[in-house]
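Please look through the sequence and the structure shown here before reading on.

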Amino acid sequence: MRIQISVTSWFKRFTDGIAEMEIEVSDGAAAVEAVLKTGIPLKEIGFVTVNDMKVDMDHLLHEGDRLRAYPTIIGG
Amino acid sequence: MIYEGYIKVLYIDMTTGKIKIENRKDLCEYLGGVGVATKLLEETIRPDLDPLDENQPIVFAIGAASSIFPVITKTVAMFRSPLTGELGESYAGGRMALTMFLAGYDAMVIQGKAKKPSYLAITRNNVGFKDARAFWGMSSDEVGRVIRDREPGGGKRSIIRIGPAGENMVHYASVCVDTYRHFGRLGLGAVFGSKNLKAISIVGDRNLPIKNFKEYFKVYQDIYKKVTDTEIMAKYHDAGTPINIEPLNAAGGLPTKNLKQNVFEHGDKISGETFANQNLVRKMACTGCPVGCIHIGQFRREFDKGHEYEAVSVGYDYELIFALGSFLGIKTSDEVLQLIEPVEHLGMDAMSTGVVLGWATEAFAKKLITEEQTLVPLSFGNTANYIKAIEYIAAKKNEFYTALSEGVEKASDIYGGKDFAMAFSKNEMAGYHTGYGMILGSTVGARHSHLCNGGYSVDQSMKEFNKEKLVDAIFAEEKERCMLNSLVICLFARKVYDRTTILAALNSIGNNLTDEDLTAIGERIYKAKLRIKKALGYDQMSVRLPKRLFETPSYNGQLNEDTAYELIAMYNQKIEEFMAK
Ligand code: SF4
């Protein structure tokens, strides 16, 4: 199945400058599988949203879902 | 401190104009930085006197490896906070640590009050007490420029100073360090004001050859590589901490409009990316830091009719954008910078200022206060009126603004609205509504800052909420940061400076500490802080939390008030056991 992925500006360094992409994942794949396909190291991911809802990495995806990856929060 | 086997303390008495230098071997067991400063504070603080009494001390200290390894750039200041009435602890970068190091002082204790406005000119061989009457009333920017012209010293000079808010003893007045860094939190600026101390210039010219240069340089290079060649620090230089706006807003952790909301509908207009695209003109660094996380933004200001504009530059980071942006419903990056500018020049802590104004805005809407008191109608998003209100706070324009100048806790004591007065143990909240970690961490943290133990970070990394694990994590981090801050590392680099790296650095300059020693130092410092808090009358169990924290959902969903108090009680139990050991 195909899902839409968008990433924040910081992550473009891992995705050849691409902010939005459509990727193919296996049916019933979890969010983590989709994120791995973007090339973004998992430790860089703070959390993801699917269709604008914050979800865990083991959240199961459906055809046409919109996943967005956000960086970890930084600070002292 | 390095190689000398003692801590060199410079005591300055502003009342008599006398100085004294002591070489204290006994302080070495506190390593440096916050350890030494805590001990010196414990020796000199006066629990019986008001925080702004002239007999209260200001303590500054640098660390056991200050300035000679990358990103070990900070100086710690300790004092009795006029905002909370208890432990005051604040950190600043810039050039101060380097100049103290090169002037040969590991710590400074300033007591007393000058008869007239003064500034101190500190060099390796002298402390000058100088007349600052002509500077009284100047902005922190202006006075920095004037002293720069008067005092020799060039690049190895640091000038720390207060603005009018410090002179007027606003309880959250800040101290500006070398223009773009600050002792921001808890009101050190007011303590300067209470001593008639406008500024301190420090010039260092000492040369300290490294003994085992080969070993030192190897460790230095390893750390430098880690800082510059890995992704650990890259974000701080890239868009900087404002990168946080986007994830916090998406996850519902961005305090907005006095935390009536956890998501800001105009978040994208004040995001790190927006600032980078529209305002960023320069990046700078503290001396000795290859990262350069200081972001300078510019906005255009009309200074006369007929299209006469000037470009105004101010530093910005995440906390400022939260406090003077989302928290006040400010919709554009330009307007956030317009609010930062007066806060900066008047010399106030941006976080406290924003949070106090957020409360005032809601109190005004709820008719707890009137326009007769606020002088201008306050509403979320109204930048022009907020600029006026900021000026009124600094000037303590009337009774109402005098109350605001003492913090949100004091203002809500007088006018009501406690449920939405967003402070932890009297210190205004930081920009993370992330969950129980943030609430617990800020409440029990020694100085009630998100930086005491990084509770917001625990909220982010904890997969499943577990009370015991959370309490343990906050307790462990609080102790660990006591040790880290005895060095005094910029906490942005705390992932670079793991225990192995710290020991390698210290060992390479002849300080042969072990892992166990570091643990013991952290514990020793934390105990000393807790002793001071107790002497100042702080009672953890009497703290009340604003109900708003439990009304507005967080990054980790809806929070429960009873759970928060239970966590505080658990932590309290833990420190009682710790102190009894
Ligand atoms: S990371 Fe930023 S605040 Fe920390 S030392 Fe470097 S420039 Fe200063």
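## Cavities

On a 1 Å grid over the protein atoms alone, a cavity is a set of points where a 1.4 Å probe fits but cannot get out, whereas a pocket is an open set with protein on both sides within 12 Å along at least five of seven lines, and lining residues have an atom within 4 Å of a point. This is a predicted model, in which local features need pLDDT of at least 70 and side-chain atom pairs count only at pLDDT 80 or more, while totals for chains, interfaces and linings use all residues. Residues are numbered from 1 along each chain as its sequence is written, and side-chain values use heavy atoms, with hydrogens and water left out.

A search of the whole structure finds 2 cavities of 30 Å³ or more, where a volume is the space filled by probe spheres set on the grid points, which are joined across faces, edges and corners. The second largest cavity has a volume of about 40 Å³, and the residues that line this cavity include B:Glu89, B:Arg447 and B:Lys529. Helix H19 (residues 467-484) of chain B gives the largest share of that lining, 3 residues.

## A pocket in chain B

The second largest pocket has a volume of about 300 Å³. It is lined by 13 residues, of which B:Leu530, B:Lys534, B:Tyr538, B:Asn572 and B:Ile575 are the closest to its centre. Helix H21 (515-535) and helix H23 (561-580) of chain B each supply at least two residues of the lining of this pocket.

## Two helices of chain B

Helices (H or I, at least four residues) and strands (E, at least two) are DSSP runs, numbered from the N terminus. Helix H20 (residues 499-508) of chain B has 7 of its 10 residues buried (under 20% relative accessible area, with exposed over 50% and partly exposed in between, for a 1.4 Å probe and protein chains only), so it is largely enclosed by the rest of the structure. Among the buried residues of H20(B) are B:Ile502, B:Leu503 and B:Leu506, and what covers its buried residues includes helix H6 (213-229), H19 and H21 of chain B. B:Gly510, which follows H20(B), has a positive phi, near 85°.

Helix H14 (residues 383-395) of chain B has 13 residues, and B:Tyr386, B:Ile390 and B:Ile393 are among those that are buried. Just after H14(B), B:Lys396 takes a positive phi of about 50°.

How values were computed
Chains lettered and ligands numbered in written order. Expected span 1.5 Å × (residues − 1). Contact = heavy atoms within 4.5 Å.
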